[in-house]
Amino acid sequence: MLSDVDLSRLRWRCRRGFLENDLVLERLLSARGNQFTDDEHTQLKTLLELDDNALWDIIAGRTNEFPADTRPMVQTLRDTLTKH
Amino acid sequence: MAQTIHKYDAVVVGAGGAGMRCSLQLAKAGLRVAVLSKVFPTRSHTVAAQGGIGASLGNMDEDNWHYHFYDTVKGSDWLGDQDAIEFMCREAPKVVYELEHMGMPFDRNPDGTIYQRPFGGHSAKYGEKPVPRACAAADRTGHAMLHTLYQNNVRNKTQFFVEWMALDLIRDSEGDVVGVTALEMETGEVAIFHAKCVLLATGGAGRIFAASTNAFINTGDGLGMAARAGIPLEDMEFWQFHPTGVHNAGVLLTEGCRGEGAILRNKHGERFMERYAPKLKDLAPRDFVSRCMDQEIKEGRGCGPNGDYIALDLTHLGGETIMKRLPSVHEIGKNFANVDVIKEPIPVVPTIHYQMGGVPTNIHGQVVVPKNGTPNSIINGLYAIGEASCVSVHGANRLGTNSLLDLLVFGRAAGNHLIDTALASKSHKPLPANAADYSLSRIDVLDKSSGGEYPQDVANDLRKTMQLHAGVFRTQASMDEGVSKVLAIDERAKHLSLKDKSKIFNTARIEALEVANLMEAAKATMVSAAARKESRGAHTVDDYGDTPEHPLGRNDVEWMKHTLWYSEGNRLDYKPVNLKPLTVESIPPVKRTF
């Protein structure tokens, strides 16, 4: 479970340059609230460091080139995108 | 507690294309430049720009800056200032080549020159035939531009303050701008940036509407800062709509859909554009298609359980064509509308895309206001550039590819003007006493709040109201009603409450501060729109239709003028449109037909 500060920081870094990413990340945060494990938190932070287009290409499944240790969170984001 | 004071030659608020083009110019000249940004620079909304940069390079076909000038004046529906439009179109090739030399990866022709693609509204020989004028980096021009500018800024030692939100302009007793206050999100502390000049490059306020293609960060922060500092906002009634945003999501479906043969249908399955535009049908201009869609919805022919959207039908194109030519549309349908566009239509609505108005400036980016009978009196120490500004090159309607061009040309011009006026050798004007008090008091009110509404609830009501009363289809009665409603929401926004009163990374506080900025942009839009008693460009009002005296509802005698909205007193003023270009003959107003 994330602390309030960690969740706030994460919420802010989910503010992106274009709407598609904003919407997917908003869905994820709405669904999960502060219920992220430490591993998931770390993976998500790693992905949020990427540029918006790189992140979107990964989420939309246009590429499978992503940091290897983020695979579970990539799948979570892809599920969040497609199962709504 | 005394505030930390940071001292710079120039402080740029916003790290999108305009802000970083300007900061680069200043940093290269050896000036000390700080750039404040709510998010990491390469995640600014410029990254969403796909189309390209308009410039008459003539790489594909004969072209020159005067054709581009003509197209832009006509596109603006004669509300654009022709001096600014001439300046922009003349400078366009220069800023593109500069960007190329910085390393921007433009698409190329076989001979190595920059490839240019055609775009709506761009023509050769004064409307005679389309001309390829858009310089692009695939469909990621904004992305490539931001990266190029960011890397060059880092190389030239621009100092970035990331996850800082600028709050208020600091003006001295003479009205000059001498700095800005800003909130560091990580600590929750407010600091003062003492500067010889402040440049607003904060982008648009597209999030004042419920249906918007804009990212969540587009909350019009620079507009709010200017309005609170007594500076008017210009032509805020003019917002560009895109006809095919996904219903309830806003994500844009490219115009290529209709180009490939997609059809807009109402709830009866009727191809209604045949009634409105018998020749062009679904390929009529953006603003026209948007208004027809809205009319269908308002007259009860919208689709879905609430009758609030239009169906975009691609099914007749076949799966092979869709997957080959419009794969991103298939992807967006699946992910944001739960629709397989090969098998069923996708719900769409006209969606806010771009803000034509903003903080009034001249061609150097200097902010100008009426004073002592002069319509464009300069405010010392303050500049505005990009979508946050109104110079005004877009007038009542922007041409595609002119937004990226605007931010490059005027970002660079503002930088050059500061260099030419010897900013480096000037000294800082003293800060007024208690320079941060106003910002601190705004935060104090939030911290002591109780019993009020949460920021997002008020913001959502504002968005719904703006969508209903200042959307693509406007009537005088609806706009008048909208003014009352927005002013009522403004009262509610003065009494927001925060769940969380902590200091460190308090996003609730940041969102409340953003709501204050959204309110200023929304009031300016609603009040300016209700006051303009004509149809012009993107501001099309049902009450002011096509008559022999006023073709297409445009009334040049009474309304060929710029609106100026002041927050204090919620009052309006007007100033003339500059019809005189810098060096050439004026393009006289005629009926805008295509």
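In the predicted model, an open sheet in chain B is built from 4 strands. Their order is β13-β16-β15-β14, and the pairing is antiparallel. The edge positions fall to β13 (239-246) and β14 (263-265) of chain B. Each of these edge strands has a single partner strand, so one side of each is left without a neighbour in the sheet. From one strand to the next, the twist averages 45 degrees.

Within this sheet, strand β15 (residues 310-313) and strand β16 (residues 346-355) of chain B run antiparallel. They are joined by 3 bridges.

Helix α8 of chain B spans residues 286-298 and lies across β13, β14, β15 and β16 of chain B. Its direction is at about 65 degrees to β13(B).

Another open sheet in chain B has 3 strands. Here the order is β3-β7-β4, again with antiparallel pairing. The strands β3 (53-54) and β4 (116-117) of chain B stand at the edges. Each pairs with a single strand, so one side of each is left without a neighbour in the sheet.

The contact between β3(B) and β7(B) can be described by residue. Strand β7 of chain B covers residues 134-135 and runs antiparallel to β3(B). The two strands are joined by 2 bridges. G54(B) finds its bridge partner in β7(B) at A134(B).

Technical notes. Residues numbered from 1 in each chain as written. Chains lettered and ligands numbered in written order. Predicted model: local features only at pLDDT ≥ 70, side-chain atom pairs only at ≥ 80, totals over all residues. Pairing = 2+ DSSP bridges. Axes fitted to C-alpha atoms, helices over the stretch in contact; angles between N-to-C directions. Contact = placed C-beta atoms within 7 Å.
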